[in-house]
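Work through the exercises below with the coordinates open. Try each task before reading its solution.

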Amino acid sequence: MNDRLLHGGDYNPDQWLDYPSILADDIRFMKDAKTNAFSVGIFAWAALEPTEGNFNFQWLDKIMDDIHGFGGKVLLATPSAARPAWLAQKYPEVLRTNNLRQKMLFGARHNHCFSSPVYREKVGIINRKLAERYKNHPALYMWHVSNEYNGECHCEYCRENFRKWLKDKYQTIDNLNHAYWSAFWSHTFNDFSQIDPPSPLGEFAVHNHNLDWKRFISYMTIDFYLNEVAPLKEITPDIPLLTNFMGELFTRGTYPSTGVIHSDFAREVDVVTWDAYPAWHNDYETTAFTASKLAYINDFYRSLKGKPFLILESTPSMVNWHPINRPKRPGMHLLSSLGCVAHGADGIMYFQWRKSRGSSEKFHGAVVDHDNSGSNRVYKDVKELGHVLESIKEIKDTSTPAKVALIYDVENFWALSDAQGFNNIDKQYHQTMHTHYRAFWTQNIPVDVITPDKDLTRYDLVVAPMLYMASKELITKLHSYVKNGGTLVATYMLGIVNENDLVYLGGLPSPLKEIFGINIGETDSLYPTQKNALIMSCGKEYEAFDHCAIFDVLPGTEVLATYGSDFYKGNPALTRNAFDKGQAYFIGPRTGEDFLVDFYSGLIKADLPINGDEEVSIQERRNEKNRYFFVMNYSEEEKEISLETAMEDIITRQEMTAGKHRIKPYGVFVLKH
């Protein structure tokens, strides 16, 4: 398996134990569809332990053996994401308590308390049983730990753990009171025991309190994961561990999930994975725009470890939970899957292998449909992808040569979203991040979407949009990066608060003033119908909207553009400051993609022997010997590309000569240079 790209998906044989012919068909289809890896047992606790202490592994033994029989591998799941009814009935403490202090009833999934000693104990028992039984099974390839960790609990265990976490962080109550600015509204605490999690029933307007609660939830989620994996690491130390991160929906866009601090969690897994479900073929954006959002999240998850990742869930057709659910059009499954591979995925997995017969996901897309047929269009699409992944497997473990970094910070998003000011409806953090990203994507310039803890020195250009919350540590890192020759770009809402969500006194912190050469005064937040303009020194105008920073320049700072209207007409809107060996640009307003494309094209260029247009994405993976170019037409029209030199398409094993070529709608080449 080490030389193969993973292809398979979530397999739930526990739903079909009374249908032996279905289970036999599954194995036949798995071989036929060129699939090779399967996540098994994700929600199978009730089948593995029907009653407390009575375990049934015989059905799983057979599945493991059958998959191994045709050369497949198993990502064996721990079943903690959905507990059996007997567990919730006998030990109600395992169920979550909501922020109104109401104990939840049995049902759904992820309705469990991460702090519950009983739940941790029971999870530990079942995980140890699985590890002991299958530690030497040849099909065991990875551990798929739980599923899409998310959510919070307000029970007494969690409240007490929150207080302990706060005490460990702040040491004294005086330190906490200062960090919370708790003298406001006379909310000063005398003791950590007085602090509760944020709730509509009590406190919810102290911003650092809210921020700490989110940080604590991330901490408890990871702590629960570490408790889960302890027996797995003890018994099977050489089997890699992974869990699936998510994308979340924000105003018609899917962006990285915001439930955990990803940089913290990524350190604890061996392989980063995420579940990708873009809304293809919608009525509000082009196919290429949807593709760029998928690429943005892929680049974020790839950058967490700086190496290939896995798509652990996707759909070969459609989902059942978008507002409108459309099947992929012919060609889109191959294109969208290879689009993920182009951005660093070393495997494409699905939810789900076979459509459920009942319950909430019976109409969610799957490899095997209710017709149990290998002749329908979706199954054929999966089979085609299986053959292609076999053809291009030499790209496995190759890297992405990014010289641009885009700083994404979920804690900054939390703080900015909670800030009462500017635009209280939506400050557009995710959308702004994606707009900056897309300016590079349309020019085929590779990007690492990084968290603030990452090293910056390897990048020629670092972009930090809407960096509202900036710790002194991060500010020092940015200062050093520019001083030593880096190029930094930042925007409005820069460096307003520290890591405790306390405003920096004196305005923009001195190190940022020094590298950008500006003093920021006010921020004008515009209504949706209101616009301003960014006017370049050459006279070209671009639309400015949503937010406009009003600022002064320090001596030596170059003004590249000014505002076009309002009381700050003629004031600086775009500046450049040379600082030591580097330079820093400040963009005062929010702008459209047109400005950003023109602006960034003056700072960095793509290094490609292929030319296309903005709907033909060209992405590179490379190793010491070869460069591999994924040429992908994300449009409904045939396009023309131009090759500067001859290259081999490793999908077809045919040479493409230097010169012009046509690429069909939703077409894709993988070219070896």
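The exercises go from the whole chain to single residues, and the model is a predicted one.

**Exercise 1. Overall build**

Task: State how many helices and strands the protein has, and decide how its radius of gyration compares with the globule rule.

Solution. 
- Start with the elements. The protein holds 17 helices and 30 strands.
- Then take the radius of gyration. It is 26 Å, close to the 26 Å that the globule rule gives for 673 residues, so the protein is as compact as a globular protein of that length.
- The C-alpha trace spans about 75 × 75 × 45 Å along its principal axes.
- Check burial. Of the 673 residues, 60% count as buried.
- Check the contacts. Among those with a separation of 6 or more, 73% come from residues 24 or more positions apart.

**Exercise 2. Surface and charge**

Solution. 

**Exercise 3. Partners of strand S18**

Task: List strands that pair with S18 (residues 541-553), with the sense and the number of bridges.

Solution. 
- Begin with S16 (residues 518-525). Its pairing with S18 is antiparallel, over 7 bridges. Asp 524 has Cys 548 of S18 as its bridge partner.
- Go on to S17 (residues 532-536). This strand also pairs with S18 in the antiparallel sense, over 4 bridges. Ile 535 stands opposite Glu 541 in S18.
- Look at the link. S17 and S18 form a hairpin with 4 residues between them. In the turn, Gly 539 has a positive phi of about 100°.
- Finish with S22 (residues 589-591). S18 and S22 pair in the antiparallel sense over 3 bridges. In S22, Pro 589 is the bridge partner of Cys 548.
- Cys 548 has Asp 524 as a partner and Pro 589 as another.

**Exercise 4. Backbone exceptions**

Task: Locate the cis peptide bond between Phe 351 and Gln 352, and the loops that hold Met 466 and Asp 566.

Solution. 
- Recall the background. Most residues other than glycine have a negative phi, and most peptide bonds are trans.
- Treat the peptide bond first. Phe 351 and Gln 352 are joined in cis, with omega about 15°. Gln 352 lies in the loop between S11 (345-350) and H12 (377-391).
- Move to Met 466. Its phi is positive, about 50°, although the residue is not a glycine. Met 466 sits in the loop between S14 (461-464) and H15 (472-483). Its relative accessible area is 0%, so Met 466 is buried.
- End with Asp 566. Its phi is positive too, about 75°. The loop that holds Asp 566 lies between S19 (558-563) and S20 (572-579).

**Exercise 5. A covered helix**

Task: Determine how many residues of helix H11 (residues 332-342) are buried.

Solution. 
- Apply the cut-off: buried means under 20% relative accessible area.
- Count. In H11, 11 of its 11 residues are buried. Among them are His 333, Ser 336 and Cys 340.
- Read on past the end. Just after H11, Gly 344 has a positive phi of about 120°.

**Exercise 6. The setting of Thr 400**

Task: Decide whether Thr 400 is buried or exposed, and name residues that Thr 400 touches.

Solution. 
- Thr 400 is in the loop between H12 and S12 (404-407).
- Classify. Its relative accessibility is 14%, so Thr 400 counts as buried.
- List the contacts. Leaving out residues up to four places away in sequence, Thr 400 touches Arg 302, His 343, Pro 446, Arg 458, Glu 620 and Arg 621.
- Thr 400 and Asn 320 are 80 residues apart in sequence and 33 Å apart in space, C-alpha to C-alpha.

Technical notes. Residues numbered from 1 in each chain as written. Predicted model: local features only at pLDDT ≥ 70, side-chain atom pairs only at ≥ 80, totals over all residues. Heavy atoms only, no water. Helix = DSSP H or I, 4+ residues; strand = E, 2+ residues; numbered from the N terminus. Rg over C-alpha atoms; globule rule 2.2 N^0.38 Å. Buried < 20%, exposed > 50% of the residue type's maximum accessible area, 1.4 Å probe, protein only. Contact = heavy atoms within 4.5 Å. Pairing = 2+ DSSP bridges.
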